[in-house]
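Thanks for coming, everyone. Please bring the structure up on your screens, and we will walk through it together.

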Amino acid sequence: MERDAIDRVLGPPDSLWSGAVERSAVDDHVAYGGFRSSQERRHLLLPALHAVQSDVGWVSHGALNYISERVPVSPAEAFGVATFYDLIATEERPARVAHICDDIACKAAGIDDVLADLTERLGESGTTIGSGMWRRSPCLGQCEKGSAAFVQVAGGDDVSVAPVSVDQVIEILSVDEPTSHVTPTSPVIGTSLLNIDTASLESFQNEGGYTALSRALALGPDRILDDITASGLRGRGGAAFPAGIKWNAVANETGTKYVICNADESEPGTFKDRVLMESNPFGLIEALTIAGYAVGASTGYIYIRGEYPIAHSRLSSALDSARQAGFLGADVAQGGFAFDIELRKGAGAYICGEETALFNSIEGFRGEPRQKPPFPTQAGLFGRPTLVNNVESLMNVPAIVLNGGEAFAAIGTEESKGPKLFCLSGNVGRPGVYEVPFGATTRDLIDLAGGIDGDLGAILIGGAAGAFITENDLDLPLTFEDTRAHNIGLGSGVVLVFNTDTNMDDIVARIAEFFAEESCGLCVPCRAGTVRQKETLIRLRTGGTDTATELNLLSDLDHVLREASICGLGQAASAAVQSAISIGLIGEPA
Amino acid sequence: MIESPVEMPASLIDITIDGRSVAVSEGATILEACATIDVEVPTLCYLETLTPFNSCRVCVVEVEGSRNLVPACSREITPGMEISTESARVQGIRKTVYELLASTVDMSLVDEPTKQAMARYNVDPDRWGTWARQHRDVKIEDDLYIRDYDKCIMCYRCVAACGPDAQNTFAIDVAGRGLSSTIATEFDIALPDSACVYCGNCVGVCPTGALMFTSEFRMREAGTWNETEQHVTTTICSFCGIGCNLELHVQDNRIVKVTSPLDHSVTSGHLCIKGRFGYSYVQSEDA
Ligand SMILES: Cc1cc2nc3c(=O)[nH]c(=O)nc-3n(C[C@H](O)[C@H](O)[C@H](O)COP(=O)(O)O)c2cc1C
Ligand code: SF4
Ligand code: SF4
Ligand code: SF4
Ligand code: FES
Ligand code: FES
């Protein structure tokens with residue numbers, strides 16, 4: 001059974017590969033940031049691990065050895081990769097594992113009571129009961145639902161259940177057939193996405209789908225690049241980098257290039273990309289195809305987090321339909337351009353959303369970031385020039401191509417162009433994804449979402465890597481320039497509202513815990529610093545130690561994390577904690 | 001491939017280090033540039049014979065115009081770069097980095113320069129408490145070397161030495177994530193059952209004593225290890241015709257450890273099982 005799963009990914013064993021424990025020659029050495037040699041089939045390592053996990057529920061020593069032999073890769077390296085991911089188990093697990101979110105938005109919505117009830121009835125997180133088990137999970141990207149479960153089902157399809165009740169968890173863990181208690185996705189305001197039947201290419205085309213690709217093919221790459229530059233589009237994945245600069249940089253390189261859609265969306269409080277992919281999978285495929293055409297890439301990847309089964313299956317079937325209809329393949333839309341897209345699934349690791357870690361993950365290495373420079377536009381996936389864009393960034397591309405860059409730039413403010421999706425969750429009337437022209441304030445967004453439930457305590461802007469604001473900042477426009485001037489980041493568009501009933505010590509502690517658990521462990525400031533930050537916060541809460549001393553330690557951690565961490569995870573790991581202290585949410589002498 | 005017999009001189013780049021102007025060859029790292037004018041920058045994970053992994057961050061320096069500090073061991077110089085190697089900002093960060101390390105692992109056997117740096121920056125690991133310290137038993141699985149991961153700082157040197165930088169055996173790698181990650185074989189099986197060929201190259205590059213020749217480990221346990229009484233004899237390995245340089249560390253007329261010089265053109269410090277551990281045969285013949 002394990003072998004069948006592996007052979008499905010790696011093909012049947014033949015004389016060439018089976019038993020080939022010899023390392024492949026160093027000739028296919030690819031020069032890039034890391035020091036590892038690359039092997040031809042190493043990028044199939046994670047898909048092979050996924051296949052065994054999905055069929056059997058865990059990866060045994062025997063299965064790992066067989067994978068190692070077949071890829072080929074050394075068993076120690078394969079083990080290093082398998083143990084990097086939360087969704088790949090190397091110890092036996094029951095057939096059904098329900099990962100239940102205990103992260104910040106769900107906490108605001110009261111998940112702690114549900115989990116207490118669950119613990120009483122099924123035991124602690126990680127206890128096997130019959131053929132099932134539940135585990136605490138970081139944010140599952142379903143924050144607008146207020147509670148969420150992602151269930152891994154060995155031998156069946158994984159399911160997402162949100163919102164979720166204790167009874168449902170118990171039912172899912174004990175019944176045989178995978179049930180799909182799937183709530184329809186929230187509407188995206190201001191778009192016609194709701195009218196699209198996600199399973200039908202025809203329906204997508206009836207709503208104007210693929211007209212942007214036709215126009216792109218008529219315009220040619222140079223004019224598309226000019227439009228992207230003129231649009232002023234900045235990345236929506238958190239770093240706010242101008243898309244035009246990246247697209248041109250990759251277009252100017254020669255040889256094999258790649259385009260990647262970053263759909264790893266794991267920032268607590270963020271769920272816009274999930275909603276976009278669930279409601280308009282063809283739209284994303286069209287946008288990525290245009291990107292590939294504009295920069296001269298013939299292969300694209302969509303790297304989607306492993307906890308999004310609905311978006312994954314819709315994208316997967318949309319890719320098949322697009323391929324059949326000739327919108328992907330050797331001659332895309334008869335425009336004389338070859339392009340295809342591979343869908344790759346993450347396996348539970350927030351860090352894999354960092355673009356260079358994402359490359360390593362696709363290539364079959366541990367999802368650790370690489371040092372920059374070189375930048376992805378110079379040496380990215382497989383050492384080749386690579387364009388990485390967030391789902392939402394790409395979803396703006398068809399409109400830019402159809403209406404021109406200037407029309408897009410007319411929307412929004414001086415430095416923040418176009419529409420922006422915000423993820424409203426926590427204690428608001430109608431949590432969901434809201435699309436507004438840049439320039440809207442936090443107050444506008446909260447009003448759109450039906451106002452605050454209860455009295456306002458604090459608002460988290462930008463996610464776990466973001467910062468808290470209070471009542472005083474409600475009229476701050478949520479643009480790149482205004483948030484920067486206020487020393488907070490817009491991040492991925494999170495607006496998470498906490499009322500005065502929420503225990504903010506808990507929320508800040510959960511954020512610190514998130515970073516400690518998601519640190520890849522490569523560099524010392526983040527590997528040890530995130531854990532020390534978590535511990536210091538616990539001491540601060542429990543009391544009995546000197547508050548000033550603890551705050552001093554937190555400040556030292558803040559410096560070392562920001563100044564000396566390799567990547568954005570460590571560099572942002574203290575931001576929310578420090579902002580909570582600065583506005584008096586935590587750390588005040590009791 | 002035809003290699004040019006004459007090395008083209010690399011062009012020089014003007015930079016400033018701690019206020020002093022220097023011209024350094026293009027392509028040099030900040031660390032190499034500092035070395036040309038004897039400015040010392042502490043390092044820990046870096047080893048000249050391995051690809052920098054820049055994991056430890058004790059080598060960070062301040063570069064004018066850069067938001068964050070940059071690792072000297074791996075960052076290449078650029079024209080006009082202004083570098084401060086000992087600003088208050090740099091010193092503060094180095095202090096915390098060493099403290100974070102020393103409060104999580106046992107650094108009692110690190111090299112002298114590291115000990116001196118830790119003293120210079122007033123490193124006080126105790127102020128962090130010891131919650132995050134993990135305890136793992138010393139792995140003694142054979143007579144050749146031991147693994148004591150309580151001393152491991154996760155510098156990745158052994159992984160690089162076992163993998164593509166030297167040995168190409170890939171017997172060990174990092175497993176797990178974050179602070180609970182560790183160096184391991186697959187499923188943490190014992191070394192004799194793994195792909196390990198006992199070249200000892202991982203031991204040769206380990207900066208903390210986490211990997212140690214069993215001979216040394218036993219003598220330390222017995223309290224008989226005494227480096228001041230050891231002398232080093234350089235010889236050429238006689239097991240095959242390659243001509244690896246061996247440094248035999250001798251105490252009380254017994255070979256207690258075999259190393260190879262990092263700058264030796266043949267070995268770059270790496271050996272095979274025969275050169276590294278073959279001395280036990282020499283000694284048993286003697287006895
Ligand atoms: C720890 C970490 C996690 C990240 N996760 C994501 C993610 O899930 N999705 C995303 O689009 N960008 C993420 N990013 C940002 C990416 O590195 C990259 O900047 C982005 O994908 C570029 O696309 P954009 O320019 O369209 O925003 C993350 C960055 C860091 C440091
Ligand atoms: S900052 Fe954290 S996540 Fe990033 S490389 Fe360092 S340890 Fe890994
Ligand atoms: S002794 Fe050699 S083969 Fe064995 S783990 Fe160390 S470097 Fe790898
Ligand atoms: S065992 Fe030694 S060489 Fe290997 S990572 Fe740990 S400290 Fe570094
Ligand atoms: S799904 Fe629970 S916080 Fe996002
Ligand atoms: S010596 Fe430079 S990062 Fe370790």
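Let me start with a definition. Axes here are lines fitted to C-alpha atoms, for helices over the stretch in contact, and angles run from 0 to 180 degrees between N-to-C directions. One more thing before we look: this is a predicted model.

Now, the helix pair. Find helix α1, residues 2-10 of chain A, and helix α2, residues 45-56 of chain A. At what angle do α1 and α2 of chain A pack? The angle is about 145°, and the axes are 8 Å apart. The crossing of α1(A) and α2(A) is right-handed. Who makes the contact? From α1(A) come A:E2, A:A5, A:I6, A:R8, A:V9 and A:L10. From α2(A) come A:P47, A:A48, A:A51, A:V52, A:D55 and A:V56. By class, this contact has nine nonpolar and three charged residues, with no polar ones.

Step back to the whole of chain A. Its domain assignment gives domain 1 (2-82), domain 2 (96-174), domain 3 (193-409), domain 4 (419-499) and domain 5 (504-582). Take domains 2 and 3 of chain A. Their C-alpha centres lie 31 Å apart. In the contact, 15 residues of domain 2 of chain A meet 12 residues of domain 3 of chain A. On the domain 2 side, α5 (104-108) and β5 (159-161) of chain A are the elements that give two or more residues. That side of domain 2 divides into eight nonpolar, three polar and four charged residues.

Chain B next. The assignment for chain B gives domain 1 (10-132) and domain 2 (145-286). The centres of these two domains of chain B, taken over C-alpha atoms, are separated by 26 Å.

Now put the chains together. Here 41 residues of chain A are in contact with 44 residues of chain B. On the chain A side, α3 (61-70), α4 (75-82), α21 (504-518), α22 (524-542) and α23 (547-564) each supply at least two residues. Which element of chain A gives the largest share? That is α22(A), with eight residues. By class, the chain A side has 18 nonpolar, 12 polar and 11 charged residues.

On to the ligands. Ligand 1 is surrounded by 22 residues. The closest are A:G235, A:G237, A:G353, A:N390 and A:G568. Domain 3 and domain 5 of chain A each give at least three residues to this shell. Among elements, β9 (386-390) and α24 of chain A each supply at least two. The largest share, three residues, comes from β9(A). The shell around ligand 1 divides into seven nonpolar, 10 polar and five charged residues.

Last stop, ligand 2. It has 14 residues around it. The closest are A:C520, A:C523, A:C526, A:C567 and A:G570. The elements that give two or more residues to this shell are α22 and α24 (568-572) of chain A. By class, the shell around ligand 2 has nine nonpolar, four polar and one charged residue.

That is the tour. Over to you for questions.

Definitions and conventions. Residues are numbered from 1 along each chain as its sequence is written. Chains are lettered from A and ligands numbered from 1 in the order in which they are written. This is a predicted model: local features need pLDDT of at least 70, side-chain atom pairs count only at pLDDT 80 or more; totals for chains, interfaces and linings use all residues. Two residues are in contact if their C-beta atoms, placed from the backbone, lie within 7 Å. Helices (H or I, at least four residues) and strands (E, at least two) are DSSP runs, numbered from the N terminus. Ala, Val, Leu, Ile, Met, Phe, Trp, Tyr, Cys and Pro count as nonpolar, Asp, Glu, Lys and Arg as charged, and the others, Gly among them, as polar. A residue is near a molecule or strand if its C-beta atom, placed from the backbone, lies within 6 Å of it. Domain bounds come from an automatic or database domain assignment. A crossing is left-handed if the near helix is turned anticlockwise from the far one by less than a right angle, and right-handed if clockwise.
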